[in-house]
Amino acid sequence: QLQLVESGGGLVQPGGSLRLSCAASEITFDYYAIGWFRQAPGKEREGVLCISSSGGTTDYADSVKDRFTISRDNAKNTVYLQMNSLKPEDTAIYYCAADLLCSGDGMNFWGKGTLVTVSS
């Protein structure tokens, strides 16, 4: 079964940058679409960005447009979320998740998340 592990979270100042990684347990990782989701305190989980098996990307949240970038390195079984110009409202637990399609109504495989805190 596919397992996902997020890393790279931490405390960062507003305006700073952070790169999150999502590492997968299987080489069949490249068949999956991988999405990044986040859940801020007191809010429901929301999608951020998703990348398909072919490398096409889907923006789930307008708030991160031109600030966040998703990419994948299939040779390393890893998907990245590069976060720039971070804002306090970006504070959340960030999860990566896998499914066949970015347009699916629910991801089947989830990591345990990594906490990103944006604060001065």
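Guide: With strand E4, residues 33–39, which is mostly covered: 6 of its 7 residues are buried. Keep in mind that this is a predicted model.

Visitor: Which strands does E4 pair with?
Guide: E4 is joined to strand E9, residues 92–99, by 7 bridges, and the two run antiparallel. E4 also pairs with strand E5, residues 46–51, in the antiparallel sense, over 5 bridges.

Visitor: Which residue in E9 is the bridge partner of Trp36?
Guide: Cys96.

Visitor: And what stands opposite Ile34 in E5?
Guide: Ile51 does.

Visitor: How many residues lie between E4 and E5?
Guide: There are 6, and the two strands form a hairpin. In the turn, Gly42 has a positive phi of about 75°.

Visitor: Change of topic. How many helices and strands does the protein have?
Guide: It has 0 helices and 11 strands. The radius of gyration is 13 Å, close to the 14 Å from the globule rule for 120 residues, so the protein is as compact as a globular protein of that length.

Visitor: What does the C-alpha trace span along its principal axes?
Guide: About 40 × 25 × 25 Å.

Visitor: How much of the protein counts as buried?
Guide: 44% of the 120 residues. As for contacts with a separation of 6 or more, 55% of them come from residues 24 or more positions apart.

Visitor: Now E8. Is that strand enclosed or open, and why?
Guide: Strand E8, residues 78–83, is largely enclosed by the rest of the structure, because 5 of its 6 residues are buried.

Visitor: What pairs with E8?
Guide: Strand E3, residues 18–24, pairs with E8 in the antiparallel sense over 6 bridges. Strand E7, residues 68–73, is joined to E8 by 6 bridges, also antiparallel.

Visitor: Where does Thr78 come in?
Guide: Thr78 in E8 stands opposite Ala23, and Thr78 is also the bridge partner of Asp73.

Visitor: What do E7 and E8 form?
Guide: A hairpin with 4 residues between them. Asn77, in the turn, has a positive phi of about 50°.

Visitor: Which residues line it?
Guide: Among them are Phe37, Arg45, Tyr60, Cys102, Asp105, Met107 and Trp110. By class, the lining has 5 nonpolar, 3 polar and 2 charged residues.

Notes: Residues are numbered from 1 along each chain as its sequence is written. This is a predicted model: local features need pLDDT of at least 70, side-chain atom pairs count only at pLDDT 80 or more; totals for chains, interfaces and linings use all residues. Side-chain values use heavy atoms; hydrogens and water are left out. On a 1 Å grid over the protein atoms alone, a cavity is a set of points where a 1.4 Å probe fits but cannot get out, and a pocket is an open set with protein on both sides within 12 Å along at least five of seven lines; lining residues have an atom within 4 Å of a point. Ala, Val, Leu, Ile, Met, Phe, Trp, Tyr, Cys and Pro count as nonpolar, Asp, Glu, Lys and Arg as charged, and the others, Gly among them, as polar. Buried means under 20% relative accessible area, exposed over 50%, partly exposed in between (1.4 Å probe, protein chains only). Two strands pair if DSSP finds at least two bridges between them. The radius of gyration is taken over C-alpha atoms; the globule rule is 2.2 Å times the number of residues to the power 0.38. Contact means heavy atoms within 4.5 Å.
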